[in-house]
Amino acid sequence: LKRDEDRLTKLIEQLSKAIATHRSERKRDSPAEKIDEAADSALAGRAFESLKGRLKLPVKGELRARFGSPRESGGVTWKGLFIKTDPGHAVKAVADGQVVFADWVRGFGNLLVIDHGGAYMSVYGNNESLLRNVGDRVTSGENVATAGSTGGASETGVYFELRHEGKPFDPMQWVAR
């Protein structure tokens, strides 16, 4: 588990560096980034940092593991949430952003990472299938994957993390109650 966690952390660090480099290059080359798609959600178009306390979880289900709680195997704590749900259940983007990773990763299965700007990312793992590709823009509430058990979990569901500047933080502090 520790090696799998380290692998994800290194991946997020690499993605963060690549995004920062790409953004600084784009700022030099173009005056502003435009988003052509209009979202149908109340959260659409808002800066991620303004969404604290307003997010919805990416899938409906039973919260089986919380951020910071010890994992059953010991030695490691959860860096996100595990939400148990039915196989194939739609997994939704929690906010507008751009897919920066969509592939299989050991310990996390089919993994999708969305960059929300401002050094914020959301991570969706354990998916049965990924519905978006790297480079795709997504809007809040849009289906991005289907729930599964590809990460080696004993239950079907979604592993969900939020990160800022590469560091995981408690998603429940950002969820509307």
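**Stop 1: Ala-145**

Select Ala-145. Not counting residues up to four places away in sequence, Ala-145 touches His-89, Ala-90, Val-91, Asn-127, Ser-129, Leu-130 and Leu-131; contact means heavy atoms within 4.5 Å. Ala-145 sits in strand 8. Strands here are DSSP runs of E of at least two residues, helices are runs of H or I of at least four, and both are numbered from the N terminus. Ala-145 has a relative accessible area of 0%, so it is buried. Buried means under 20% relative accessible area, exposed over 50%, and partly exposed in between, with a 1.4 Å probe and protein chains only. Now draw a distance from Ala-145 to Ala-90: their C-alpha atoms are 6.2 Å apart, although 55 residues separate them along the chain.

A note on the source: this is a predicted model, in which local features need pLDDT of at least 70, side-chain atom pairs count only at pLDDT 80 or more, and totals for chains, interfaces and linings use all residues. Residues are numbered from 1 along each chain as its sequence is written, and side-chain values use heavy atoms, leaving out hydrogens and water.

**Stop 2: Gly-88**

Move to Gly-88, in the loop between strand 2 and strand 3 (90–92). Gly-88 counts as partly exposed because its relative accessibility is 34%. Its contacts, leaving aside neighbours within four places in sequence, are Glu-128, Thr-146 and Ala-147. The C-alpha atoms of Gly-88 and Asn-127 are separated by 8.4 Å.

**Stop 3: the whole chain**

Zoom out and colour by secondary structure. The protein chain has one helix and 10 strands. Of the 177 residues, 42% count as buried. Among contacts between residues at least 6 apart in sequence, 64% join residues at least 24 apart.

**Stop 4: strand 5**

Select residues 109–117. Is strand 5 enclosed or open? Nine of its nine residues are buried, so strand 5 is largely enclosed by the rest of the structure.

Two strands pair if DSSP finds at least two bridges between them. Look for Gln-98, whose bridge partner in strand 5 is Asp-115. Three residues lie between the strands of this hairpin, and Gly-107 in the turn has a positive phi of about 85°.

Strand 6 runs antiparallel to strand 5, joined by six bridges. Asn-110 has Asn-127 as its bridge partner in strand 6. This hairpin has two residues between its strands, and Gly-118 in the turn shows a positive phi of about 65°.

**Stop 5: the cores**

Show side chains. The largest nonpolar core has 26 residues; Phe-48, Leu-55, Val-94, Ile-114, Tyr-124, Val-144 and Leu-162 touch the most other members. Such a core is a set of buried Ala, Val, Leu, Ile, Met, Phe, Trp, Tyr and Cys residues joined through side-chain atoms within 4.5 Å. Elements giving two or more residues include strand 5, strand 6 and strand 8. A second, separate core of 17 residues includes Ile-12, Phe-82, Val-100 and Val-123.

Finish on Ile-114. Beyond its neighbours within four places in sequence, its contacts include Ala-93, Val-99, Tyr-124, Val-138 and Val-144.
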